[in-house]
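Open the model in your viewer and keep the selection tool at hand. The tour goes stop by stop.

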Amino acid sequence: MSILMAILAFKYGYLRGEKNIMFTVIYGLTFFFANFGPNSTTFIVPAELFPAKFRSTCHGISAASGKTGAIIGAFVVQYYTRDGDSDGIKKAIIGLSVVTLMGFFFTFLVQETKGKSLEELSGEDQEKGRNAEVNGRKLSD
């Protein structure tokens, strides 16, 4: 996405010619790759990573944060593109490219599950064992 947005930004004048369909093709490809990157990070990864006890709340917060970012981004892009000025549109697309690149790198900070269950990742199974020992019961597997 970032690479395609950068191409759109730096070749904007050339790609926006009336007979040039490449702008539409490249812009369409950014939406294609959006479904693999940001959409999976926003919807699939939180459902996989949050502990079962807090999953719905944390997933809601995660989704709301993404929507808030989208709203803010829409207003910022609108500010630069309102007049139809080519330089403003280029700046907005460069900004989008930078933001998507930052999102790419921030995604690597997300903990990989490596086939572990949510209980193992969060330590919930150890917590249950300690509680059972304190109450004098043996935890059965």
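Here is what to select, and what is there.

This is a predicted model: local features need pLDDT of at least 70, side-chain atom pairs count only at pLDDT 80 or more, and totals for chains, interfaces and linings use all residues. Residues are numbered from 1 along each chain as its sequence is written, and side-chain values use heavy atoms, with hydrogens and water left out.

**Stop 1: a helix pair.** Select H4 (residues 38-49) and H5 (residues 55-81). Helices are DSSP runs (H or I, at least four residues), numbered from the N terminus. The axes of H4 and H5 come within 10 Å and cross at roughly 160 degrees. Axes are lines fitted to C-alpha atoms over the stretch in contact, with angles from 0 to 180 degrees between N-to-C directions. H4 and H5 are therefore roughly antiparallel (angles over 145 degrees).

Now show the side chains. On H4, pick Thr42, Phe43, Pro46 and Ala47; on H5, pick Arg55, His59, Ser62 and Lys67. These residues make the contact (heavy atoms within 4.5 Å).

**Stop 2: annotated spans.** In UniProt, an unreviewed entry annotates residues 21-40, 60-80 and 92-110 as "transmembrane region". Such annotations may be inferred rather than shown by experiment. Residues 60-80 are 100% helix, with end C-alpha atoms 31 Å apart. For residues 92-110, the values are 84% helix and 28 Å.

**Stop 3: aromatic rings.** The count comes to seven aromatic pairs (ring centres of Phe, Tyr or Trp, its six-membered ring, within 6.5 Å). Select Phe23 and Tyr27: how are their planes arranged? The ring centres lie 6.1 Å apart and the planes are at 5 degrees, so the pair is stacked (planes under 30 degrees apart). Phe23 and Tyr27 sit four residues apart in H3 (residues 22-34), about one helical turn.

Notes. Helix = DSSP H or I, 4+ residues; strand = E, 2+ residues; numbered from the N terminus. Parallel < 35°, antiparallel > 145°, perpendicular 65-115°, else oblique. Phe/Tyr/Trp six-rings, centres within 6.5 Å; stacked < 30°, edge-to-face > 60°.
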